[in-house]
Each structure stands twice: as structure tokens, then as C-alpha cells.
Amino acid sequence: MNEIRPPASPRTSAHRSPRLARLAPPLAAFGVVIAGWYGLAYSLDNNFASADGSALIIPPPHQLFVGLNAATVSRIASATWVSLGTAAVGFLLAILVGVVLGVAMSFSRSLESALWPWLIAVQVTPVIVLTPIIVRVVGASFTARLIVTVLIAFFPIASNTLFGMRSVGTALHDVFTLAGASRWHRLIHLQLPAASPAIFAGLRVSAGLAVIGAVVGDFFFTRGTPGLGRLITFFFQDTRSGPMFVTALIAALIGLCFFLAVAALRRLLVSPWHRP
Amino acid sequence: MASPLTSRVTRAVIAIVLGGALAACGTDATNTDDQNTPSTNVTTTNATDSAANAGQLATVCDSPVVVQTDWYPQTEHGGIYELLGDDYVVDAERGATTGSLVFRGTDTGIDLEVRAGGPFIESPVVTEMFLDDTITLGYVGSDVALSRYAEAPTLAVFNALTINPQVILWDESKHPGVSTIAEIAAEVRAISVFGDRPYMRYLVAQGVVPADKVDTNYKGVLMLATDDIAHQGFATSEPFRYANLESGAVATAYQLVHDAGWTSYPQNLAINKLRLEPLRPCLAALVPMMQQAQIDFIESPDRTVATILDVVERLDTTWSQSPELAAYAVATMERLGIVGNGTTPIFGDFESPRLDDFIARAVPILREQGLPIPDIVAGDIATNEFLDADITMP
Amino acid sequence: MAVDTRIAAQLRDVHHRFGEVGVLRDVALTVRSGEIVAIVGPSGCGKTTLLRIVAGLLTPSGGEVARPDSGVGFVFQEPALLAWRRVDSNARLLARGDDAIVDHLLAVSGLLEHRHKWPHELSGGMKMRLSLVRSLAARPHLLLLDEPFGALDQITRHRLHDEFGALHESEGFSALLVTHSIDEAVYLADRVLVMSSAPGRIVGEFAVPFPRPRSDHLRYSSEFAALVGNVARSLYRYAGDA
């Protein structure tokens, strides 16, 4: 009797292409961005009308590092340190404030209804309105920078924590009630872990906001070493497009790093067990 | 060298004669430099007769001559508006005022377009001069010319303001007896300036102002009444405004940053250096007119002040000027030598020792900021060659 | 009430209302030690409310409830596992430091080899087993079950019936089970109580005489069918009762 042979295993070809297939879309997108960037730089009138051929408005990618002498690099490094410090500490504080607020509001409906409108108000108020007040009260200090960053970044964390805390099923709560768990025990061993996927969703958004808060908030802190935000305006005033774009890219990179850090933490703490 | 008075009278006589001849014949007058200018033994000048060239301008300059200023129209720009004919039209959206270029009553046959700066331009003036081929001249301070020389070299052809009107000012009643920036820096909470200005970096490097007192947040708000700070301003403007504040007059005192060591020529008419050759003939004819127009303005500002006030109103922005402020500004410009001959009798020239000295002070400051400035000399960023050496402010 | 160690739970004159709506009326029942009692009734008749009252999760509007001092175990309709803990951590959740019993229960339930897995990696049946293990790890005198096998397919359900029976044999707990499946009630219980529709009260009681251990073939016997039929008739008669 003829054996029915199974179809030839596609293993060999399938083994190679997934790697490439996975990388292809992001690489393609990257290529499109670079191409568009070149297109923009070379289509702007008189972009290269300078004496040394450097760009006056938008430098093309290969000209990004023109003008990065030691003094300029040092300025960018100082600004990066200021903004990175503000964003990092601000982000951590925003997490603390956000989680505490979310947990507190989940415990008390009256607290929630009291606080919620104010939290929304802070969220939608442009920072330019609040910053002078903050600076008046605490001075133009690192504390003020932190407050601005926290104000910009905390809301998604608070809102998602509240949502996550509330989404714990009644049966799970009953398990803890029947076991005689204390309020604290319930919070630490049931509610917070159950809320963690939602909290991480909030962290993801807030990671970018913390960087924005640090960089944009910098515009209002006009004394001392400038952060990335103010440095960009200084470069603009001198039409140093290369350093200006490099500084902007660094700000973006910081945001990306924060985002990736949150993603990595989520992969470690949530992904193994979470199935929505 | 003949006395300034004699040459002036001589030239006036010739101007009348020639003007009459032009009117009668309606043809181009020939360049009569060697015959008509008695005194030629001064520095490199195309000693052209500015009056005679009024009619010639159309043959050497494109119309319109576009001047890009750095701010809203103000009396510091008087010399340029002096050349604007009464037929001017204001484009409020672009911030540009266009009219016939008229020199001392004679229509040159081409147009002048004066563009306001500040919020009307997306990039700084020097950048605009390279991005926009239609700009003939722009206001470029010597410090800015230095900063931008590597990639956007400019050449100043006429120094419209000899002394920089920029000051640091403070509330006199709160700080009596203080007369210098160094002294006030020690007493106030902060010194507020607009952005990361080189002159402030210079003052910090000199130890005049402590670094932690520099606040880059100045946006033009007159806050001495409510805040114990000092801030930047112009000798021609803020003291008057403060003295006439609706909320209560504030007596102010100030020091010019020039006197504190930042001796930059602040508001030079400059060209995009890459266009020097094509512009030569035009500059030869135009620069002496600008010299004379600036003097004419200071001596008899009323007509042009009215023009400026009218343009300001038509631009319809938050910027305002009043006849009283204009009068104060003109008087201050004369009193402090902001408009003046400098140390040489030539009006509007760049004086070498001073400019060389300034470059020596400024370049280290600018390089420390990260600006890539090559080793340049005064002649790279400024030239007296188009000036009429006989034009001097009485 | 006097403490009687032969009684795992007792309700007397229990009634309950949610606002204006009467949910339970004149409920009296007893669960003796080691006994499995099943309650059947139409949907909305208050069976779950009754169970929660027995558990102490709800205080009745009136009546007396007696339950073991050491507390009860509760198995819910859904497994209610902690998704962020692995199988053995979930199993241990309520155990009072007694690892041996947990391992034993896991072994008996066939979960021992899965103990390092996350709950989401388990099938529906395995999750339910884990839920049972978790409750039993606390060695409760009384186990309450609220339609625990309702979400499972028939084969898994029957398998779990037998496993439950085996656990009952080995651990010796008392159980009060609420179900809408008469088959299940008769198969598992020593006594089946019938509840009327809301406001619910006990309207029937049937003793289940079949010996233990019970096995699948019982389901296809005529005695089993007859008993199921009797219970069903009783239930339908009172299903429309006000």
C-alpha cells in the first residue's frame, strides 16, 4: 500500500523569512521618513542659499551633525541632563501621584466626585497658564519643573489606576472577603495586581507626557542652565538648524527610551500572565 | 582738508544747479565726482554726489529696494523712512511698507520697501537675507554679523546708529545712587533679557553680572513697578514709557551696554555678502543717500515721524508709538550720541580700532557659546567704501 | 443557636429583600456534617443570594444563620483565579501554611504537573479544578458552590462530578451546592432541595439514596431518571409560585 507522504515541511524557508518579514515594515517606514525628509529639505526655496552650503531651514539627514563643535555638544549635553533629570524624576513622581490618586478615588465615590472635575481641569489647562503661578509660589527651581512635569503627566495614570481598581471582579473580592483579608492586604494582593495592566497602559501614555512636560515646561524656566526646550529656541535665534534638529531628536529619543522602558517593564511584569 | 562748512556750501550750490539741469533736461547726469567734490583726501570712498545720483538710482538699483528691519517701525529706523515717499502703501499682513524712494524731494524713479521685523519674519533677519532673494539690505548688528559669518556672511555698508541704544534699566527710587549694571546686578533679584543674548554672556564673563541672576524671560512687559529686577530696554523708549505709565510713573535709571563694554555697532545696513558684486553700483549710489537721510531725519524729524506713526497704526498690532515718545527718542538719540559721527567726522563709518577691539572681545564669547566663527577682521564684516566721506552730522 | 458539631450550617426563618423586592421568604435548612445538599430552582429564585447569606457575604433582612466558626469555602461560577499568580501560588492562596495538603489536592486533581503554569494557560475544566483545590486547601468544614460546573462542556462536567465526589470522599467536607441542573444535583447530593421562584422558599426535599462512590453508569439507570423526574415535577409545580 502506498504510503501517503505528508507534504514537504516548509521549515527551511519559513525559518528565514519571519525575521526579515518582521523587520521589513519598520525599515520601509524608516526609509519613507528619510526620503520624505530629504525631499522636504531639497524642495524648500533657498534652504541651501548659505555661504557654506549648510541648511538655513531644515538640514537633510546627512547634514544633521554640522556645527556640532565641542562647545555646542557641551551645551546640548548640559541641556539633556537637565531635561532628562526633570523627566525621569517627574515621571516617577507622576506615577506615585497618579497611583495614589487613582487608589484613593477608587475607595471613595465621594472623593472621586470631588476630585475628578479638578483633575480634568488640570489636564486640559494649558501649562502656560499654570506655570507662572507655580513659579511665583515655589520659585523657578527644580521643584517647580517637577511640578509642571507631574501636572502634565499624572492624569492618564490616575485615570487608568481608578479604572483598573474598579474592574476587579466581585468574585475575586469575595474570595478575599471570605478569607478575612484586611483592606491593605486586599489592596496589595488583589486590587493593584489586577489593575496593573490598566496602570501600565496609563504609564505608556504618561512616559511621553513626562518628557513633553520636561522639555516644554523648560520654556518657562528662564534662569540657569537651559533644558532642551529653551536650547532649541536659542539655536533657532542663531539659525543653527543642525544643532536645533539634533536637540529636538534627542528630546524625541528620550521619550522613546522612556516608552521602551515602560514596555520592557510591562513585558516583565504583566505580559506573562495577562490575557484580556 | 577743507572745513566741513565750506564743502557743504559748495555742494549745496552745485546740487541746486544740477537739480535744475536735471529738471530741465530730464536726462541722466553724468558722474561728476572728481569735479564737484573739493575734498577727497580721506579714506576709500566713491565720493559720489548723493543729490546728483538721485536720478541715477534707477539705472543701478533694482526696484524696489527692500530693507528688512529687525522690529516694528520705530524712530530708530527714521533714516530709512526718511527716504519713503508720501505715496507709501502699507501691507499690514506682511508688515511691509512700499512707496517711491524719494531723496530730499527728488523722486528717484524706483520704489523703497521697508519691511518690519519681529513677529513679521519667521527667521532672524540674517537668515531672511539669505532665504529671500528680494531683500537688498537688512539691519545687522556687528555681533550678529560675527555670529553668522561662517554660513551667512553679511557686509555692513552703513552704520545707522553709532552707539547701541540698548540698556539695562532699573527703578531709580528703589536703588538710588546706582549708575552701572555691575552695581544694579548686585542689588536686584534678577536681570531679565530676551533670550540668550551675547551681550549678557559677555557681561557674565566679565564678572559684571552673576550668572545665576540672568533671566531670559523678558518679553517687553514693563514690570519694574511690581518686581525688584532690572531688565533690558532701549534708552530711546523704556524710560519715557515708565515715566508715563498709567498705573503710576516709575523713575528709571540705566546704563548703556555700550558703556559696559559691548561696543557692537547695533543697527547696520548690511547686504548678503554673496551678492556684493552685483550690488556694487547700486550701493555706490544708495549708501550716501542713506547717510544724508539719517542726518536729515534727526535734524528735522517731524515728517518722517508722522510717517512712522501712521505705518504703526496701519499695521494694527499691539505695538504702539506716540508723537511724544518719538520726540523723546529723537532727543535721546542726539543727546547720547546714538546717532552721531562717532570719533571721525564721517557719518556712518565703521571705525577700525573700535570694531577690531569689539571683535576681539566678542569672538571668544560667541565661540564659547558654540558658534563656529572663523578668524575674521573688521574688513570682513564692514566696509566704508560706499560712504560719502564728506557727509557729516553737524 | 446552640453549637452542634454534627451540623455544618443551619438557617431558620431567613428572609431577605433588596429594597422593596422580596428575594427570600421563610427559608429554613440544615446541612449536616459530611453531607452534600443541593438546591435547585428556577433562575432568579434567590439561590445565589441564599448561598451568599450562608457564606456570610450578605446579612439577611431577617432570620438566623449558623455557620462553622472556622469559616466556609466558596466556589464561584467563574474560577476567580488570580491571573498574576501561577497555579501553585493560586492553590496556596487560602491554605494556612499547609503545603502538604495543597500538593495532595493538586495531585488528586491532576494539576501537579501544571503547577508552574499561569492560569490563562489552563483549560476551563482545569481552572475549575484549581478553584476547587484553592477552596479545599483551607480545609473548610463547609464548602459552598454556586453553579460551579455550568460553564463547562458535558464531558468535562461529568468528569469533574466524579472528581468532586472523590475529593468529598477523601476530605470529608460538607457542601451546599446550588445548581440549575437537576441531573447534577441528584448525581452529586445526599439531599436535593427545591426552591420556588422569587421570593424563594424551600418547597421540596428529596433524599438521594444512591450509594457512594457514584459513577457514570448511575446516570443511565431508571432509578436515577425517576428521581430526577420527581424533582423536576416538584420544581415545575413551584416554578410559577409567587
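Two strands count as paired if DSSP finds at least two bridges between them; strands (E, at least two residues) and helices (H or I, at least four) are DSSP runs numbered from the N terminus.

**View 1. Strand 2 and strand 3 of chain B form an antiparallel pair.** Three bridges hold strand 2 (residues 89–91) of chain B against strand 3 of chain B. B:Val89 has B:Thr98 in strand 3 as its bridge partner. Four residues lie between the strands of this hairpin, where B:Gly95 has a positive phi near 75°.

**View 2. Strand 3 and strand 4 of chain B run antiparallel.** Seven bridges join strand 3 to strand 4 (residues 106–115) of chain B. B:Gly99 is bridged to B:Leu112 in strand 4. The hairpin has two residues between its strands, and B:Arg104 takes a positive phi near 50°.

**View 3. B:Cys61 and B:Cys282 form a disulfide.** Their sulfur atoms are 1.8 Å apart; a disulfide is a pair of cysteine sulfur atoms within 2.5 Å. The S-S torsion is about 100°, so the disulfide is right-handed. B:Cys61 lies in the loop between helix 3 (57–60) and strand 1 (65–68) of chain B, and B:Cys282 in helix 10 (residues 276–299), 221 residues apart. B:Cys61 is buried at 5% relative accessible area, and B:Cys282 is buried at 2%.

**Notes.** This is a predicted model: local features need pLDDT of at least 70, side-chain atom pairs count only at pLDDT 80 or more, and totals for chains, interfaces and linings use all residues. Residues are numbered from 1 along each chain as its sequence is written, chains are lettered from A and ligands numbered from 1 in the order in which they are written, and side-chain values use heavy atoms, leaving out hydrogens and water.

Terms used
Buried means under 20% relative accessible area, exposed over 50%, partly exposed in between (1.4 Å probe, protein chains only).
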